[in-house]
Amino acid sequence: MTEIRYRRLLALYPRDFRQEYGDEMLGVLMADPRPGVVQTLDIVRGAILAHLRASVTGQSQAARIVQIFGAMLLLGFSLRRLTGVVIMMATATADGYTPHVPAADWVRPVVWGVALAGAVLGWRVLGAGAATIGLTAEILVPFQSYADTPATVLYAYWLIVAAAVVLIAGLAGDDAGVLWPRGWWLVAGAAAALAVVVARAPFAFFAFGYIGSADLLTIGVTVSLLLVALLMQGRDLRRRLLCWAAPIVVSVPLVRYGFIGFIEFNMRNPDSTRLLNPLHWAVLVIVPAAAFLGAAMLTNRTAAAR
Amino acid sequence: MNEPTFLILTALAGESRHGYAVIEDVEQMTGGRVRLRAGTLYAALDRLRGEGLIEVDREEVVQSRLRRYYRLTGAGEQSLQTETDRLRAQATIAEGRLRARRTNFGGATA
């Protein structure tokens, strides 16, 4: 086989791989006295493996960081929920009334705390196990009132998506020792700030027009902290983190604009409440997955163009 | 650890070698049974470098073409030792059972 034909075959490899090994491989191929179909198939197979390896490399580190940041944010929310209930208990007891504290409000901070510890320590089973329980709790709580007010599931949708992302990231992430990602303190601050907004105006994300300027300022600070934390990561890592964040980011406008008619109808017609139909459920499941894939394709194309 | 990986690490355990020298040494070690091809070899070399089991020793240019020599790292040596111990333990078990089998059957093959 001629050098030109080998060069054409080597063009099947990812650019980075080709730059690293292309010249060497060409030398070996030219020295090898076994040209033919099997040699060609071996190169094609090697090229496919190299592409697969290139797509996976770095993904596990990004997944680990997503797991840590996600668990941090979810812990912030759950702690705030618990704090709110405790404050209510303390003030209500003086009036001789003790409010009921749902078990989930106690369980969720513990579970997300354990998930965070597992993520930071690199204990995959602990992190993924806690995230599974956390996701179950995030799903079960809104579903308790689904029959009466279906919108509660939609309001909690982004949290459910976030919990699912943390779980998947926990399964895909590496488990190589303790990790405190760059900018973790910014994300911790963002979790605290966002928790304040959620506590003050639970449906703030879905009704920006009805919340005060203080809450909007808090949202601005939160988003800014998250963006700075994102910018502190390396370019390649940042690209991967954006892919993981896409399902959560898209879940807010999906509910805000895609389901507003459904929510308003139920608010105006409390006696004839509509439940989510199969198409709604399909959209709620497919859109976050499509967002991840779309973001991955877009960022891959951008990286390839550089 | 799969066989090509084991054989590549074994080839580099003796001395640092370039790609084609690894192919030839593996062929020699296995009595011609295994002759690696470039695609398989460089996929393995890339992976082993990523895992820190091998590293580049030196580079030279021969006939205007890059020739890179690879060598085993400390982690690679440890990994090869572990795999060698595992294979030896399995071979010992297999050998013992075959010996017992021949004894049970009075030397007759089944």
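Start by selecting chain B: its secondary structure comes to four helices and three strands. Here helices (H or I, at least four residues) and strands (E, at least two) are DSSP runs, numbered from the N terminus. Follow the chain along its sequence and you'll pass through the pattern α-β-α-α-β-β-α.

Before going on, a word on what's loaded. This is a predicted model, in which local features need pLDDT of at least 70 and side-chain atom pairs count only at pLDDT 80 or more, while totals for chains, interfaces and linings use all residues. Residues are numbered from 1 along each chain as its sequence is written, and chains are lettered from A and ligands numbered from 1 in the order in which they are written.

Next, bring up the side of chain B that touches chain A. The contact takes 14 residues from chain B and 18 residues from chain A; two residues are in contact if their C-beta atoms, placed from the backbone, lie within 7 Å. On the chain B side, color α2 (19-29), α3 (38-50) and β3 (65-72), the elements that give two or more residues. The largest share, six residues, comes from α3(B).

Now go for the largest nonpolar core, which has 58 residues. Such a core is a set of buried Ala, Val, Leu, Ile, Met, Phe, Trp, Tyr and Cys residues joined through C-beta atoms within 7 Å. Select helix α8 (residues 157-172) of chain A, which gives the most to this core, with 13 residues. A second, separate core of 33 residues includes A:Leu9, A:Tyr21, B:Val22 and B:Ala38.

Zoom in on A:Val166, one of the residues with the most contacts inside the largest core. Leaving out residues up to four places away in sequence, A:Val166 touches A:Gln67, A:Gly70, A:Ala71, A:Leu74, A:Ala115 and A:Ala131.

Then try residues 155-172 of chain A, one of the spans that an unreviewed UniProt entry lists as "transmembrane region". The end C-alpha atoms of residues 155-172 lie 27 Å apart, and the span is 94% helix and 0% strand.

Last stop: A:Thr218, in helix α10 (residues 213-231) of chain A. Is A:Thr218 buried or exposed? A:Thr218 is buried, because 22 other C-beta atoms lie within 10 Å. Select A:Ala193 too: A:Thr218 and A:Ala193 are 25 residues apart in sequence and 6.2 Å apart in space, C-alpha to C-alpha.

Terms used:
Buried ≥ 20, exposed ≤ 12 C-beta atoms within 10 Å, placed from the backbone. UniProt positions renumbered as here; feature names shortened; annotations may be inferred.
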